[in-house]
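I opened my notebook to work through one protein chain today. Come along and look with me.

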Amino acid sequence: MRVFFFAPTLALCLAAHATPAEWVGAKVVTADPERSRVTLDHEFIKSVNMMPMVMPFKAEKSVDLRGFKAGDKVRFRVVKKVDHLIIEAMEMAK
Ligand SMILES: [Cu+2]
């Protein structure tokens with residue numbers, strides 16, 4: 001039984017040490033759902049200490065970009081993958 005509990009426990013431990021991604025406000029500049037790419041005019045991103053700017057992002061396959069167009073006010077979460085950022089969630093801002 002013990003061996004079955006080992007892997008989940010380790011995963012939880014690693015997750016607890018990762019910086020939790022926060023929601024960041026942004027405005028859509030361009031959206032390319034076919035290539036899972038979106039250019040955002042984003043606010044300060046605390047988790048990676050990035051100043052506000054316009055920049056392109058790649059989104060995870062699970063993020064559906066079809067509902068977004070230039071000018072939309074959104075909020076998104078990014079995760080750091082080695083040397084780049086990838087969007088793991090994005091939705092319209094309220
Ligand atoms: Cu940036």
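Predicted model: local features only at pLDDT ≥ 70, side-chain atom pairs only at ≥ 80, totals over all residues.

**Strand pairs**

I began with E2 and E3, which run antiparallel and are joined by six bridges. For me, two strands pair if DSSP finds at least two bridges between them. Helices (H or I, at least four residues) and strands (E, at least two) are DSSP runs, numbered from the N terminus. Residues are numbered from 1 along each chain as its sequence is written.

Which residue of E3 stands opposite aspartate 41? I found valine 54 there.

Next I looked at E3 and E5, which run parallel and are joined by two bridges. Lysine 58 has isoleucine 86 in E5 as its bridge partner.

Then I turned to E4 and E5, an antiparallel pair with eight bridges. Valine 78 stands opposite isoleucine 87 in E5.

I reminded myself that strands of a sheet pair through backbone hydrogen bonds, either parallel or antiparallel.

**The whole chain**

How many helices and strands are in the chain? I noted one helix and five strands. Read from the N terminus, their order is α-β-β-β-β-β.

In what order do the five strands close into a barrel? The order is E1-E2-E3-E5-E4, with mixed pairing. On average, neighbouring strands of this sheet are turned by 55 degrees against each other, direction ignored. The axes here are lines fitted to C-alpha atoms (for helices over the stretch in contact), and angles run from 0 to 180 degrees between N-to-C directions.

I also checked contacts, where two residues count if their C-beta atoms, placed from the backbone, lie within 7 Å. Of the contacts between residues at least 6 apart in sequence, 49% join residues at least 24 apart.

**The core**

I looked up burial next. A residue is buried if 20 or more other C-beta atoms lie within 10 Å of its own, exposed if 12 or fewer, and partly exposed in between, with C-beta atoms placed from the backbone. Of the 94 residues in the chain, 16% are buried.

A nonpolar core is a set of buried Ala, Val, Leu, Ile, Met, Phe, Trp, Tyr and Cys residues joined through C-beta atoms within 7 Å. The largest one has 14 residues, and those with the most contacts inside it are Val28, Val38, Val74, Phe76, Ile87 and Met90. The elements that give two or more residues to this core are E1 (24-32), E2 (37-42), E4 (73-81) and E5 (84-92). E1 supplies the largest share, four residues.

What does valine 28 touch, leaving out residues up to four places away in sequence? My list includes Val38, Leu40, Phe68 and Val74.

**Loops**

Asparagine 49 lies in the loop between E2 and E3 (53-59). Although asparagine 49 is not a glycine, its phi is positive, about 55 degrees. Is asparagine 49 buried or exposed? Asparagine 49 is exposed, because it has 7 other C-beta atoms within 10 Å.

Valine 82 sits in the loop between E4 and E5. Valine 82 is not a glycine either, yet has a positive phi of about 55 degrees. With 4 other C-beta atoms within 10 Å, valine 82 is exposed.

Aspartate 64 is in the loop between E3 and E4. I wrote down that aspartate 64 counts as exposed because it has 11 C-beta neighbours inside 10 Å. Aspartate 64 and proline 33 are 31 residues apart in sequence and 7.1 Å apart in space, C-alpha to C-alpha.
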